[in-house]
Amino acid sequence: MAIGSGLGSSFGFSRESTYGTYVAPTKFLRAKSYTISRTQERPQGEGITSGVPGALGAHYVETVNGASGSVTFDVTNKVMGLLLESLTGGTSSSAVETGAAYKQIHTLAADTKKPLTFQMGVPYRTGTVAVKTATGCKVTGAEFSCDTTGILSANVNFDAQKYDEGQTLAAVSYLSSSPFHGKQSTLKMGTFGAEVAQTGITSVSLNWNTPMDTDDYNLGGAGLKVEPVANGFADISGSITADWTTAVATGLHDRMIANTSTSISWEFIGALITGAIYERIVFSIPGVFFTGDPQSVGGAETLSNSYAFTWKYDGTNLPSITVGTTETAL
């Protein structure tokens with residue numbers, strides 16, 4: 001029996017071999033909130049029944065079975081791989097760097113997103129756990145954010161082919177892990193591959209979204225959608241908040257005014273694994289352009305400003321997320 005509240009809940013996931021085919025979750029997030037919403041498409045037949053002043057319940061039908069959802073969690077040094085692979089879209093790699101240190105590389109790719117099974121354990125007040133499962137899940141977007149005193153947080157959105165309440169709750173287990181946080185963070189900018197650490201930065205947020213055709217239902221499909229594919233350009237954007245310093249003026253303000261691009265490397269460097277290899281997560285966004293208003297004065301307080309940015313392909317380099325971990329596989 002679980003605790004009869006959110007304290008007894010769970011959120012797990014696994015990679016599917018075939019889109020929409022359930023695979024019992026083997027990875028579990030210490031998530032802060034999560035939801036799986038059921039798609040409800042229910043047209044009402046409108047034929048008249050003589051003498052009856054209401055719509056006929058037998059002609060109220062459900063035509064599709066789908067789902068969508070989201071999960072919010074602290075980004076940690078483990079358990080991130082499959083989610084990042086589905087977000088970025090390609091076939092991610094995981095290889096030994098040195099000894100116990102493994103390096104995962106997740107690079108933006110054109111619509112080869114790997115489907116996942118997501119499952120929630122939702123306890124009744126009595127402690128019995130209801131099981132809500134979504135199969136054929138594809139991550140459609142994520143937001144990452146962190147400030148100088150906070151923990152790196154992620155909110156992941158997903159689309160699913162099927163909602164299911166008939167599965168058994170997978171055995172819940174958690175890996176020992178630690179979160180990335182502001183003390184470990186540095187924002188670098190400059191030439192791709194040779195970015196330089198910036199001073200004056202107080203917070204960063206990053207949004208990574210892939211438009212997908214999530215409503216493609218075909219006749220003969222038993223109300224289940226066709227596997228979604230990308231139907232628009234990847235939208236990678238965000239914002240940087242910074243104190244008004246000469247370094248910020250040169251690094252952010254001047255580039256915004258001149259409409260010139262730069263490469264961003266947002267890095268979190270954690271504990272030492274071995275040699276000179278550390279746990280880490282690095283968001284690499286080449287070809288960034290800034291927008292926003294010039295610095296203004298709103299009163300006597302110290303001046304700061306927020307600069308929005310958006311990614312544009314530079315013709316050579318693609319955005320990526322690199323993870324350094326002791327976890328041996330995605």
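Predicted model: local features only at pLDDT ≥ 70, side-chain atom pairs only at ≥ 80, totals over all residues.
Local features need pLDDT of at least 70 and side-chain atom pairs count only at pLDDT 80 or more, while totals for chains, interfaces and linings use all residues. Residues are numbered from 1 along each chain as its sequence is written, and side-chain values use heavy atoms, with hydrogens and water left out.

**Exercise 1.** State which strands each supply at least two residues of the lining of the largest pocket, and divide the lining residues by class.

Step 1. On a 1 Å grid over the protein atoms alone, a pocket is an open set of points with protein on both sides within 12 Å along at least five of seven lines, and lining residues have an atom within 4 Å of a point.

Step 2. Lining residues of the largest pocket include Lys188, Gly193, Glu267 and Ser284.

Step 3. Strand 15 (262–274), strand 16 (277–291) and strand 18 (320–325) each supply at least two lining residues; strands are DSSP runs of E, at least two residues long.

Step 4. The lining has 3 nonpolar, 5 polar and 3 charged residues, with Gly counted as polar and Asp, Glu, Lys and Arg as charged.

**Exercise 2.** Find the lining of the second largest cavity and its classes.

Step 1. A cavity is a set of grid points where a 1.4 Å probe fits but cannot get out.

Step 2. Leu187, Val204, Leu206, Ile264, Trp266, Phe283, Ile285 and Phe309 form the lining.

Step 3. The lining holds 8 nonpolar residues, no polar and no charged ones.

Note on methods. Helix = DSSP H or I, 4+ residues; strand = E, 2+ residues; numbered from the N terminus.
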